[in-house]
Amino acid sequence: MTENNLTTPSVHQTLGRSTFDIIIVGGGSAGAVMANRLSADPTRRVLLIEAGTAYAPDAYPDVVRRQDMLGGDPDHDWGFSSTPGVIGRSIPLARGKVLGGTSTINGAVAMRTPKSDHDRWARAHDLADFSWEQAQSHYASLERTSGATGTGREGPFPIHQLGDEELSDQQRAFVASAIGAGYRPTSGFNSSSPLGVGPYIMNTRMGIRLNTGMTLLSAEVRARENLEILDKTLVDRVVIEDGRATRVRLSTGEEIAGGEIVLSAGAYVSPAILMRSGIGPHDVLDPLGIRVVAALPVGTRLQDHPIMPTVWSIRKEAVGLAFPPIGAMLWESSKHAGDGEADINITTMPIPDGSQSPTGAMFLLAAALVRPKSVGSLKIASLDPTVAPIIDLGFLKEDTDQERLVDAVEMIRTIAGYAPFADMIGSELMPGANASDRASVKAALAGAVTTYQHPTSTVPMGGPRDEGAVVDGEGRVRNIAGLRVVDASIWPDVPSVATGFPTMMLAEKIAAGMI
């Protein structure tokens with residue numbers, strides 16, 4: 001190491017100190033939980049490395065604070081995009097590059113994984129010790145619940161079950177029309193019987209998105225003498241010696257030693273760090289001249305939730321109050337769903353710019369396929385940590401995914417035919433009247449489908465009998481001591497809900513086993 005590469009006093013001071021007990025790479029949804037829980041023991045020295053800015057909890061700028069500003073901006077985003085793939089076009093991939101990670105730019109939905117997800121992971125991935133019943137205690141220990149439902153009252157993460165009176169006019173109309181179309185009201189999306197239509201559970205207050213940098217890494221937590229946060233610092237790779245992770249190497253070439261290293265950099269960055277460290281498939285690493293220290297299937301099972309948006313005009317006088325921007329959803333099964341699968345989420349959102357509408361106003365009714373069969377991939381094309389990975393979302397590779405998205409458009413059109421929506425709507429603008437049958441809707445998918453921004457499964461976990469797993473149920477990388485991955489990348493396949501809160505629960509579970 002040479003001091004010529006040191007860029008800030010904080011890096012110099014950190015590198016000049018003794019080995020940390022735990023080094024956590026990434027301060028997003030999972031990394032913030034890990035830092036909070038593991039640093040609660042004052043005898044354990046914890047270093048949290050964040051590539052973005054570590055704003056003070058009360059000093060986040062509006063773009064990563066306000067609930068109505070989704071997706072961030074270039075100053076707080078990794079700038080990733082997908083390859084064209086089957087759909088023939090690239091999609092921007094919003095990932096938060098700031099303390100709090102993507103919890104600073106997402107929709108702030110705080111749903112729990114349903115029992116069907118846990119049952120599937122036990123059956124298909126040998127994870128019988130990760131049951132739905134066991135997960136509930138970890139959700140509860142995170143939650144500080146207000147409003148109806150929810151079981152945690154003392155946790156660090158505020159969540160709130162919206163009431164009907166808290167929905168926007170448009171969202172109330174959506175719920176009423178869905179019930180009119182024959183769908184039942186949900187008993188609560190975080191209950192044991194979540195299906196139906198109704199208001200979301202959110203981690204917002206008074207229009208503010210309460211990200212994990214504000215909540216899990218509060219001013220009190222940051223004041224702990226045994227916790228250091230090193231921001232604006234990019235990690236290149238993990239140094240592995242004799243089968244053990246010993247240090248992290250920064251993009252400057254500097255190295256920091258740790259007793260255990262936890263990658264919590266997210267579904268796109270954590271697998272890239274592993275690959276640069278020599279952990280991954282031969283066909284990706286060999287051409288780059290990277291010595292393979294563990295030939296594991298990193299990056300081969302990427303999944304995300306594809307969304308098919310439909311756009312509608314609405315009479316200007318019927319728009320009403322448009323806040324909150326996200327507030328209600330229908331969760332149901334498509335006609336082509338597998339046995340016991342609830343594979344479709346339908347929600348509504350206003351579109352601020354109504355200039356493309358004949359009425360001067362328009363809105364979205366969007367359907368997400370939350371149990372996709374298509375699988376994508378991620379790989380690196382360079383040893384340079386500043387070069388983005390190659391990301392293929394895999395959308396629409398499987399015909400069954402296309403059929404179920406067409407089912408979802410038909411569900412949307414049925415709901416739109418019932419009052420009060422039917423009395424508010426001018427016309428369907430996309431896919432529009434010309435896409436009147438299944439074949440024409442299916443043909444429109446490739447040009448319209450986008451992402452729910454829920455990437456997972458690039459470093460999948462599994463039990464001993466799951467040959468495709470990279471990590472075990474505690475996030476430990478196979479065949480490498482002292483190295484874990486704890487973030488959305490380790491889900492065996494994509495959960496059927498928004499992934500932020502479940503990933504926090506997963507980190508809570510793993511941290512509890514490390515304490």
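This is a predicted model: local features need pLDDT of at least 70, side-chain atom pairs count only at pLDDT 80 or more; totals for chains, interfaces and linings use all residues.
Residues are numbered from 1 along each chain as its sequence is written, and side-chain values use heavy atoms, with hydrogens and water left out.

I begin with the chain as a whole. Its secondary structure consists of 12 helices and 23 strands; these are DSSP runs, with helices being H or I of at least four residues and strands E of at least two, numbered from the N terminus. The radius of gyration is 23 Å, close to the 24 Å given by the globule rule for 515 residues, so the chain is as compact as a globular protein of that length. That radius is taken over C-alpha atoms, and the rule is 2.2 Å times the number of residues to the power 0.38. Along the principal axes, the C-alpha trace spans about 70 × 45 × 45 Å.

Of the 515 residues, 59% count as buried, where buried means under 20% relative accessible area, exposed over 50%, and partly exposed in between, with a 1.4 Å probe and protein chains only. Among contacts with a separation of 6 or more, 71% come from residues 24 or more positions apart, a contact being heavy atoms within 4.5 Å.

I turn now to Thr 19. This residue sits in the loop between α1 (9-15) and β1 (20-25) and, at 46% relative accessibility, counts as partly exposed. Leaving aside neighbours within four places in sequence, Thr 19 is in contact with Arg 45, Ala 257, Gly 258 and Gly 259. From Val 175, Thr 19 is 156 residues away in sequence and 55 Å away in space, C-alpha to C-alpha.

Next, the backbone. A cis peptide bond links Phe 323 to Pro 324, with omega about 5 degrees; Pro 324 lies in the loop between β15 (306-314) and β16 (328-332). The bond from Met 430 to Pro 431 is also cis, omega being near 5 degrees, and Pro 431 belongs to the loop between β21 (425-430) and α11 (438-448).

Finally, Asp 242 is not a glycine, yet has a positive phi of about 55 degrees. Asp 242 occupies the loop between β12 (235-241) and β13 (244-250) and is exposed, with a relative accessible area of 86%. Gln 453 likewise has a positive phi, near 60 degrees, but at 23% relative accessibility counts as partly exposed.
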